[in-house]
Amino acid sequence: MKTAWLFPGQGTQRRGMGAEVFDLYPGLIKKADGVLGYSIRELCLEDPDNKLGSTHYCQPAMFVVGALLFLQKCRNEPWPDFFVGHSLGEYNALFAAGVFDFEEGVSLVKRRGELMSEAGTGLMLAVIGPEVDSLMALILELNLPELDVANYNLPTQTVLSGPDKAIDKIAEAIEKRQLGRAVYLHVGGAFHSSYAESVAQKFDKTLDRYHFSDPVIPTLSNVTAKPYEAGTVRNLLGKQICSSVRWVEIMDYLHSQGVSHACQIGPGRVLDGLWERYQPDRNLTPISQQANQSSNQIATGI
């Protein structure tokens, strides 16, 4: 039986996350505090100033918790055949695969969160119900070429990025025509799209300061929906912020490689839910029902 471990992105954070592992790794917590300049334990467990909803603070918090949960899981279970992360979660997957160490990961994600929190341009909208082809036809009908697909989460769950007016227009059309649900994502900008290119360019300069090893276990890229090849980590991470998250293709690839069990490592179960609802070789839930069942399982990660 082949397995995959999945790491979620921003949007799954919650106060109290990581409580079961913080006491197990005091040395790593000290290192994280040194990189960040504040107590990561206090932020994750107490969040006294309500900062977990901010991209600036959320992204390092999610990385630290995911890294600690991964290390704990390794103590008790055999390693999987594949690592995969949804958007921000890809950094946890690469850490797990030995591409960079813990402190480097915290530093990378800290800078990523800072830059993305400064963007503040455009919106992201999750559309639940219409299949991608139908959604693209609607975009064409409404003459909204400025919209980009940010996340392909399920055949019936797609996230769009774009200017405020364009997002508002398609959200209104979906609701009025009763085509499905349109859910605004509170993420601070139109990421995973052409509108995030300026952020990606700034982050690209940050990547020059790091050395990246090749993954020791196959790790899938959000940009290509395939495992990282030798020497490609730096280039693909540079593209990730402004490229679509190709989650449906990633799940297709895992199935094609014989993966029969996938497990989320991190707060919540959003990626478990997507995996359970999309199993093309088993003919499980019809697509029309998937839209209803997954209504509360939106992968909003950036």
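This is a predicted model: local features need pLDDT of at least 70, side-chain atom pairs count only at pLDDT 80 or more; totals for chains, interfaces and linings use all residues.

Four strands make up an open sheet, in the order E4-E5-E3-E6, and their pairing is antiparallel. E4 and E6 sit at the edges with a single partner strand each, so one side of each has no neighbour in the sheet. From one strand to the next, the twist averages 20°.

| Element | Residues |
|---|---|
| Strand E3 | 123-128 |
| Helix H6 | 132-141 |
| Strand E4 | 148-154 |
| Helix H7 | 164-176 |
| Strand E6 | 181-185 |

Now for the helices. H7 lies across E3, E5 and E6, and runs at about 150° to E6. What about H6? Its buried residues are Leu135, Leu138 and Ile139. They span an arc of only 100° around the axis, which means they are on the same side of H6. In general, an α-helix has 3.6 residues a turn, so residues three or four places apart point the same way. The buried residues of H6 pack against E3, E5 and H7, whereas Asp133, Leu140 and Glu141 are exposed on the other side of H6. After H6 comes Asn143, with a positive phi near 55°.

Next, the cores. Which residues touch the most other members of the largest nonpolar core? Out of its 67 residues, those are Ile40, Phe63, Phe83, Tyr91, Phe100, Phe102 and Phe212. Helix H3 (residues 55-76) gives this core its largest share, 11 residues. There is also a second, separate core of 21 residues, with Leu6, Val248, Met251 and Leu271 among them.

Neighbours within four places in sequence aside, its contacts are Phe63, Phe100, Leu108, Val109, Arg112, Phe203, Leu237 and Gln240.

Last stop: Asp272, which is found in helix H11 (residues 270-277). Is Asp272 buried or exposed? Its relative accessible area is 11%, and buried means under 20%, so Asp272 counts as buried. Again leaving out neighbours within four places in sequence, Asp272 is in contact with Ala262, Cys263 and Gln264.

How values were computed
Residues are numbered from 1 along each chain as its sequence is written. Side-chain values use heavy atoms; hydrogens and water are left out. Two strands pair if DSSP finds at least two bridges between them. Helices (H or I, at least four residues) and strands (E, at least two) are DSSP runs, numbered from the N terminus. Axes are lines fitted to C-alpha atoms, for helices over the stretch in contact, and angles run from 0 to 180 degrees between N-to-C directions. Contact means heavy atoms within 4.5 Å. Buried means under 20% relative accessible area, exposed over 50%, partly exposed in between (1.4 Å probe, protein chains only). The arc is that of the directions from the helix axis to the C-beta atoms. A nonpolar core is a set of buried Ala, Val, Leu, Ile, Met, Phe, Trp, Tyr and Cys residues joined through side-chain atoms within 4.5 Å.
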